[in-house]
Amino acid sequence: MNSLQPLLAFSETAKRGGFAAAARELGTGPSTLAKAVARLEASLGLRLFHRTTRQVTLTGDGERLFERCQRVLAELDEMQSEAAGARAEPRGTLRIDMPIVFGRKVVLPVLARLLERHPELSIDARLSDAYADLVKDRLDLAIRAGDLTDSTLVARRFASQQLVLVAAPSYLARHGVPRTLKDLATHRHIVFRLPGRGADRPQQFSTKGRAVTLRPEGLRFNDGEAMVEAARLGLGITQVPDYMAADALAGGRLVELLKPHRPAVMPIHAVMPANRLVPARVRVVLDALAELGAAERLPARPKRRREPTR
């Protein structure tokens with residue numbers, strides 16, 4: 001295992017952005033890590049970091065080694081766990097990334113039940129609406145909604161969500177009810193600012209089997225629950241996943257608009273890095289999410305209606 005120490009020192013330094021932070025994580029001294037990385041660079045004949053007085057950043061060679069290093073360390077960790085009999089009982093820390101509201105409302109109850117069932121299992125949960133780099137952040141699993149574009153990930157679909165357009169009765173009493181997609185141009189909107197991109201998420205609709213995308217200007221929020229609350233307060237029309245608005249719709253605090261123009265349902269996947277063994281701690285979560293989808297425990301959605309012919 002001694003030959004792996006320089007790789008571990010390099011990997012943790014790259015992840016933490018400096019020797020001091022990495023040393024605190026590993027319980028050693030910064031100079032010890034710096035010397036280990038220097039030995040690794042000398043043995044490979046490569047420069048892995050750009051160094052300044054405040055931080056270190058990866059070179060191109062360093063980025064390539066870091067990506068491979070994460071896979072090697074993860075597989076080694078799993079091999080050691082299997083040798084210790086970990087396949088029989090999930091244990092260790094599950095590192096999972098998930099959207100904020102879906103994670104809180106849907107995934108967290110699943111994880112809570114698993115922790116009760118498997119006392120040696122621990123959770124390191126990251127709730128964010130930004131896409132995480134599973135390899136760089138050493139994540140076991142991520143929950144993603146919508147179509148997937150990263151072909152390097154292994155994905156398992158376990159649920160779906162429907163986008164719904166909603167507004168408060170108080171707003172509609174003042175501004176009228178939109179009857180067509182064109183009517184939306186005269187209304188105030190509440191839109192979602194995509195994290196890390198500086199752009200608004202477009203509204204999605206369907207008309208006569210054709211997908212339609214609108215990009216209205218409006219009040220901007222980076223949190224789905226805040227958008228629902230803003231709509232409930234009568235600040236405008238918003239489009240959110242159905243599970244976010246389910247309680248307000250059931251209680252009459254929000255009204256769904258333009259139901260015939262609902263877009264196609266969005267798949268929800270659990271994704272993992274490819275070319276890795278699947279640890280027991282990940283496998284039990286995947287099984288529990290699959291059971292969740294099969295039992296249809298997600299908030300009920302009205303059936304999509306076809307647009308009446310004219």
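Me: Is Asp-97 buried or exposed?
Reply: This is a predicted model, in which local features need pLDDT of at least 70, side-chain atom pairs count only at pLDDT 80 or more, and totals for chains, interfaces and linings use all residues. Residues are numbered from 1 along each chain as its sequence is written, and side-chain values use heavy atoms, with hydrogens and water left out. Buried means under 20% relative accessible area, exposed over 50% and partly exposed in between, with a 1.4 Å probe and protein chains only. The relative accessibility of Asp-97 is 3%, so Asp-97 counts as buried.

Me: In which strand does Asp-97 lie?
Reply: Helices are DSSP runs of H or I with at least four residues, strands are runs of E with at least two, and both are numbered from the N terminus. By that numbering, Asp-97 belongs to residues 92–98, which form strand S3.

Me: Which residues is Asp-97 in contact with, leaving aside its neighbours within four places in sequence?
Reply: Contact means heavy atoms within 4.5 Å. With the sequence neighbours left aside, the partners of Asp-97 are Arg-126, Ser-128, Ala-130, Ala-132, Leu-139, Leu-141, Ala-142 and Ile-143.

Me: Which residues of the largest nonpolar core touch the most other members?
Reply: A nonpolar core is a set of buried Ala, Val, Leu, Ile, Met, Phe, Trp, Tyr and Cys residues joined through side-chain atoms within 4.5 Å. The largest such core has 41 residues, and those touching the most other members are Phe-102, Leu-141, Ile-143, Phe-158, Leu-254, Val-285 and Leu-289.

Me: How many residues does the other core have?
Reply: This core lies apart from the largest one, and Val-37, Phe-49, Leu-58 and Leu-73 are among its members. Its residues number 17.

Me: Is Leu-73 buried or exposed?
Reply: Leu-73 is found in helix H4, residues 60–83. Its relative accessibility is 10%, and therefore Leu-73 counts as buried.

Me: How far apart in space are Leu-73 and Arg-138?
Reply: Not counting residues up to four places away in sequence, Leu-73 touches Leu-8, Ser-11 and Arg-138. Leu-73 and Arg-138 are 65 residues apart in sequence, and their C-alpha to C-alpha distance is 9.5 Å.

Me: What is the phi of Arg-138?
Reply: Arg-138 sits in the loop between strand S4 (121–127) and strand S5 (141–145). With 23% relative accessibility, it counts as partly exposed. Its phi is positive, in a residue other than glycine, and is near 55°.

Me: Is Lys-208 buried or exposed?
Reply: The loop between strand S9 (203–207) and strand S10 (210–214) holds Lys-208. Here too phi is positive in a residue other than glycine, near 55°. At 77% relative accessibility, Lys-208 counts as exposed.

Me: How are H1 and H3 oriented to each other?
Reply: Axes are lines fitted to C-alpha atoms, for helices over the stretch in contact, and angles run from 0 to 180 degrees between N-to-C directions. Helix H1 (residues 5–16) and helix H3 (residues 30–44) pack at about 110°, with axes 8 Å apart. Angles under 35 degrees count as roughly parallel, over 145 as roughly antiparallel, 65 to 115 as roughly perpendicular and the rest as oblique. H1 and H3 are therefore roughly perpendicular.

Me: Which residues of H1 and H3 make the contact?
Reply: On the H1 side the contact is made by Pro-6, Leu-7, Ala-9, Phe-10 and Thr-13, and on the H3 side by Leu-33, Ala-36, Val-37 and Leu-40.

Me: How are H1 and H2 oriented to each other?
Reply: The axes of H1 and helix H2 (residues 19–26) come within 8 Å and cross at roughly 120°. H1 and H2 are therefore oblique.

Me: Which residues of H8 are buried?
Reply: Helix H8 spans residues 242–250. The cover over its buried residues includes helix H5 (100–117), strand S6 (153–161), strand S7 (163–167), helix H7 (224–232) and strand S12 (237–241). The buried residues of H8 are Asp-242, Tyr-243, Met-244, Ala-245 and Ala-248.

Me: What percentage of the protein chain do buried residues make up?
Reply: The secondary structure of the chain comes to nine helices and 14 strands. Of its 310 residues, the buried ones make up 43%.
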